[in-house]
Structures are given as C-alpha cells and as structure tokens.
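Subject: A structure for you to look through

Dear colleague,

I am handing over a structure that I would like you to read alongside the notes below. Please keep the sequence and the model open while you go through them.

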Amino acid sequence: MEGITGILIPLLIFVAIFYFLLIRPQQKRNKETREMQASLQKGDKIVTIGGLQGTVESFDERTVVLRSSSSKLTYERNAIRAIVKKSANAHAQSESKDKDKEEKPAKEEKGK
C-alpha cells in the first residue's frame, strides 16, 4: 500500500505544477485575446498575427476589413493580435462609462 501512495503523491504534485505553470496561464491569455477581439471598433489601429498594421474599416462576427495604406483587406477576426490604438470614439465611450461609475455611488449616498 505504501508503494502506491509513494508513486501517486509525486504524480499528483507534478499534475498540479503542470496545471498552474502551463495550462492556467494559457487559458488566461486566450480569455484576454477573446475580450480584445470582441471589443474591436471601427477606427481602431490594430496589428495582425502576420504583422500587418491597419485601421478597422468594418467588421462582422467572423471577419474584419482593414485599411492599410490604400488597400482594403479582409481578415478573420481571430487574426487580430493586438489593438495598437483605440479609436477616438471608443476612448470617449470608455471615459463616459468611467464617469457614470463614479456618479452612481454619489447618487446612492445622497439617497441615504
């Protein structure tokens, strides 16, 4: 019986280490990438996985049309690696959301 636990405990420790060092960080990166791709807006400056830099012209659920110099190119949404610069419209919307969050607690305190 001691031989089984002597083998089982190190194996469980190895699985736990493997999970926390490899699997969990990869899941976190995937979640961040999905959120970034879902937050795309017209006018955002982006970089694709191939290194192409462009501006979002339009998009739907699966594809994104990018303007790069004088060309319009269609890419899969999954090909977007990073948003380099959010559009001015998106920046204004995020500021108004932050402002609304700050005003809500102030309004709640007045009601008490």
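What follows is an account of what was found, going from the whole chain to single residues.

The model is predicted, so please note that local features need pLDDT of at least 70 and side-chain atom pairs count only at pLDDT 80 or more, while totals for chains, interfaces and linings use all residues. Residues are numbered from 1 along each chain as its sequence is written, and side-chain values use heavy atoms, with hydrogens and water left out.

The whole chain

The protein chain has two helices and five strands, where helices (H or I, at least four residues) and strands (E, at least two) are DSSP runs numbered from the N terminus. Read from the N terminus on, the elements follow the order α-β-β-β-β-β-α. Of the 112 residues in the protein chain, 16% are buried; here buried means under 20% relative accessible area, exposed means over 50%, and partly exposed lies in between (1.4 Å probe, protein chains only). The chain exposes about 9,100 Å², of which carbon and sulfur atoms supply 57%, and these accessible areas come from the Shrake-Rupley method with a 1.4 Å probe, where for residues only the protein chains shown count as cover. If one takes the contacts (heavy atoms within 4.5 Å) between residues at least 6 apart in sequence, 41% of them join residues at least 24 apart.

The sheet

In what order do the five strands lie in the open sheet? The order is β4-β3-β2-β1-β5, with antiparallel pairing, and two strands are said to pair if DSSP finds at least two bridges between them. At the edges are β4 (71–76) and β5 (80–85), each of which pairs on one side only. From one strand to the next the twist averages 45°, an angle between N-to-C directions that can run from 0 to 180 degrees, taken from axes that are lines fitted to C-alpha atoms (for helices, over the stretch in contact).

Strand β1 (residues 45–48) pairs with β2 (residues 53–59) over three bridges, and in this pairing Lys45 stands opposite Thr55. The hairpin of these two strands has four residues between them, and Gly51 takes a positive phi near 95° there. On to the next pair: four bridges join β2 to β3 (residues 63–68), with Arg67 as the bridge partner of Thr55 and Phe59 opposite Val64. The hairpin that joins β2 to β3 passes through three residues. Strands β3 and β4 pair over six bridges, with Val65 standing opposite Thr74.

The nonpolar core

The largest nonpolar core has seven residues, namely Met36, Leu40, Ile46, Val56, Val64, Leu66 and Ile80; such a core is a set of buried Ala, Val, Leu, Ile, Met, Phe, Trp, Tyr and Cys residues joined through side-chain atoms within 4.5 Å. In soluble globular proteins, nonpolar side chains tend to be buried together. Leaving aside its neighbours within four places in sequence, Val64 is in contact with several residues, including Leu40, Val56 and Ile80.

Asp44 has its place in the loop between α1 (2–38) and β1. Is Asp44 buried or exposed? Asp44 counts as buried because its relative accessible area is 0%. Its side chain has a polar atom 2.9 Å from the backbone nitrogen of Gln41, and the side chain of Asp44 also reaches the backbone nitrogen of Ser87 at 2.8 Å. A polar contact here is a pair of N or O atoms within 3.5 Å; within protein, one must be able to donate a hydrogen and the other to accept it, and residues adjacent in sequence count only if both atoms are side-chain atoms.

Ser68 lies in strand β3 and is buried, with a relative accessible area of 17%. The side chain of Ser68 reaches the backbone oxygen of Gln53 at 3.2 Å, and, apart from neighbours within four places in sequence, Ser68 is in contact with Leu52, Gln53 and Leu73.

Ser69, by contrast, lies in the loop between β3 and β4 and is exposed, with a relative accessible area of 70%. Although Ser69 is not a glycine, it has a positive phi of about 55°, and the hairpin in which it sits has two residues between the strands.

With best wishes
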